[in-house]
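Here are my notes on the model you sent over. Have it open while you read, and take the points in order.

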Amino acid sequence: MKRIFTLTLLALLAIGGAKATTYYVYFKNSSNWSTVNCYYWGGKSSVSWPGTAMTQVGDTYVFSFTDTGTPTNVIFNNGSSQTSDLTFTNGATYNGSGSTLYTTSSWTIVGTNTILNGSSDSWTVTETANDMTKGTDGYTYTLTVTDKTLEKGITYEYKAAMNHAWDVSFPAGNNSITVDETAVYTIVYTLNAATGAVSAELTKTGEAAGISHTYTVAGAEEICGTSWSVSADAGNDMVKNEETQLYEWTSATVTLAASTTYGLKVALDHSWGVSYGDTSTEDGNYHVTTDKAGRYTLYVSFDTTTHAISHTLTYLGADVDYYISGEPTSFFGAYWDSSKSDDYKFQYDSEKGLYYWTHTGLVADTSLVDNTGIRLKAYDSNGNWYGSQNYIINKDNGLYAHGDYTVTIYFDPNGTETGSQEEGTFQQTIYSHSSEQINIVATMSKNYAYATLYYGDYNLEVPEGVTANAAHYTSGDKIDFTATWKEGEVIPKGTPVVLHGEEAEKEYTFNVEPDDDVTSKGSYENDLLGTDEGGTFEAADGYYMYGLNYIYAEDGETKIAGFYWQKGTGGSKVTMKAHKAYLTLTKDAITSTRGAIFFGNGESGEGETTGVSQVTGHGSQVTNIFDLQGRKLSKVQRGVNIVGGKKVLVR
């Protein structure tokens, strides 16, 4: 009996001492089975066909089990199809055909380089400094990383990769690390190779110093110039806007396809370790979508607090250049030139949806306006011309033989022609132009700082250094200024004025302004008349006519400005240039025959004149010279003379 008891006890001890081992295998489902089962045999446990369903982790299937004996073979199947009988190797990876076997040699933590060892770029799977250490159980691996400064508000990502390659990696996506406090940390990574579970445990070990970052836009080559490059050499670093605190980046001109979505992200510190996109999209990228093909300006902004990205995409026109050509050469530089010069290239107005070309400094003469006009067409960089007829600019559509014009031509390459020019309804692809930016130049006389000005079509803003005056005759030899427009005020169109400038022989530029900006002077009288065309104007019965001029005082330099009969006319007519003003008065209003009317209101050129050395008409005739007794003289003499109704002293 004693012997039997001893043998039984030894048998129980042998059975109780058998150690169970965790075994695990991986399978790459290249046959795309909907279910993958693992059937094994040769161990101590009994398994029924078709085996046990494996767990999918990303594109790898995992199966683990515990047995007191090591299996010898394994089959992978979906219940109907199967691999061949395979030799079982613990921790190995099998492919769908069963012909390839990967044996685990190492596991490495890969991800944002900020949370890893070594100096490699982020997501460098070949970095051995981050290889994990295998535990005594045969399936638990660990890695410890120390002295890593992590920042609150930033997400760091990682995963485990087998054999320094991406064939097998866990988890399916990426795990992430965030911290509630910016500080220095120790990180311990753990991998359960039997289940594919990866985790990280953080311990704060110190305080962090100041941190600064660089933000870079990386994405599709079409919008970034390079394909998904975070390198500083790519030239896509963002710049902080100190006012908005946003980081900004602009791609001035990019050519994009129609109805196409382009992806981008904002990367931190020239690395893919930390990057921001749009978590609501399938690929995680921020998306920029076009509606039509052509050239664009892309503006991107990034909020470092919310990590929100926004953009503005501005259409710059089609992926072709358009140019203008025509005649005369004074307008286009060359006669119907098609050399594609940048000076004659249309620009795109995104608000109008039109192309435009601007010419400044056009001075139109009568022959240009009345006869040929400006004739033009558009053509593109492929040699195509637009419009069956020339577009013409002349007096019929806003060009007059006066003024310093800035002309803008608008062009729609998708426009259509309607009617004909002869019918008055012609509309070309080049369908409109603007000549509203007209600069009227008035020059003060070199002999005195006065001039006259008249434009029937334009309201004119008075420039610095000039006053403009309406004038009315009351009695004697004086004409008073009844309304005055000063710098910045706008003279109403059709108002003849006398200009007084601070300097003689100087050009003053009057800007054309809209009707809404006209300066009201209330009710006033104005005896001046103006002309847009110029010519000789005859006085009506009972009227005198005067033109602006001057006489010299005794010093030979001082001038007496006023309105005078023009030489040989006796006040019966005046000859004027275009856009000048003249004076007309009734003979009944003038108490005696007066060949000169001087400015009142203290406005007489250089003030009161005390001496005259000679009377010089300069195109005007002063015929009335008297002594103090009222006797008419043929010329001035020593003493006091009455010249044009004004006392002057000859020494």
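1. Of the chain's 651 residues, 44% count as buried, where buried means under 20% relative accessible area, exposed over 50% and partly exposed in between, using a 1.4 Å probe and protein chains only. Keep in mind that this is a predicted model, in which local features need pLDDT of at least 70, side-chain atom pairs count only at pLDDT 80 or more, and totals for chains, interfaces and linings use all residues. Numbering runs from 1 along each chain as its sequence is written, and side-chain values use heavy atoms, with hydrogens and water left out.

2. The chain has four helices and 48 strands. Both are DSSP runs numbered from the N terminus: helices are H or I with at least four residues, strands are E with at least two. Among contacts with a separation of 6 or more, 66% are between residues 24 or more positions apart, a contact being heavy atoms within 4.5 Å.

3. Have a look at the open sheet of four strands, ordered 18-19-23-24 with antiparallel pairing. Strand 18 (239-240) and strand 24 (309-317) are at the edges with a single partner strand each, so one side of each has no neighbour in the sheet. Strand 19 (residues 247-256) pairs with strand 23 (residues 294-302) over eight bridges; pairing takes at least two DSSP bridges between the strands. Ser251 has Leu298 in strand 23 as its bridge partner.

4. Strand 37 (residues 497-501) is mostly covered, with four of its five residues buried. Strand 32 (residues 450-453) runs antiparallel to strand 37 and is joined to it by four bridges, with Thr452 partnering Val498. Strand 34 (residues 466-473) also pairs with strand 37 in the antiparallel sense, over four bridges. There, Ala468 sits opposite Leu499.

5. What lines the second largest pocket? Its lining has 16 residues, and Glu157, Lys265, Ser275, Gly277 and Thr279 lie nearest the centre. The pocket holds about 420 Å³ of space, and its lining divides into four nonpolar, eight polar and four charged residues. Here Asp, Glu, Lys and Arg count as charged, Ala, Val, Leu, Ile, Met, Phe, Trp, Tyr, Cys and Pro as nonpolar, and the others, Gly among them, as polar. On a 1 Å grid over the protein atoms alone, a pocket is an open set of points with protein on both sides within 12 Å along at least five of seven lines, and lining residues have an atom within 4 Å of a point. Points are joined across faces, edges and corners, and the volume is the space filled by probe spheres set on them.

Definitions and conventions: On a 1 Å grid over the protein atoms alone, a cavity is a set of points where a 1.4 Å probe fits but cannot get out, and a pocket is an open set with protein on both sides within 12 Å along at least five of seven lines; lining residues have an atom within 4 Å of a point.
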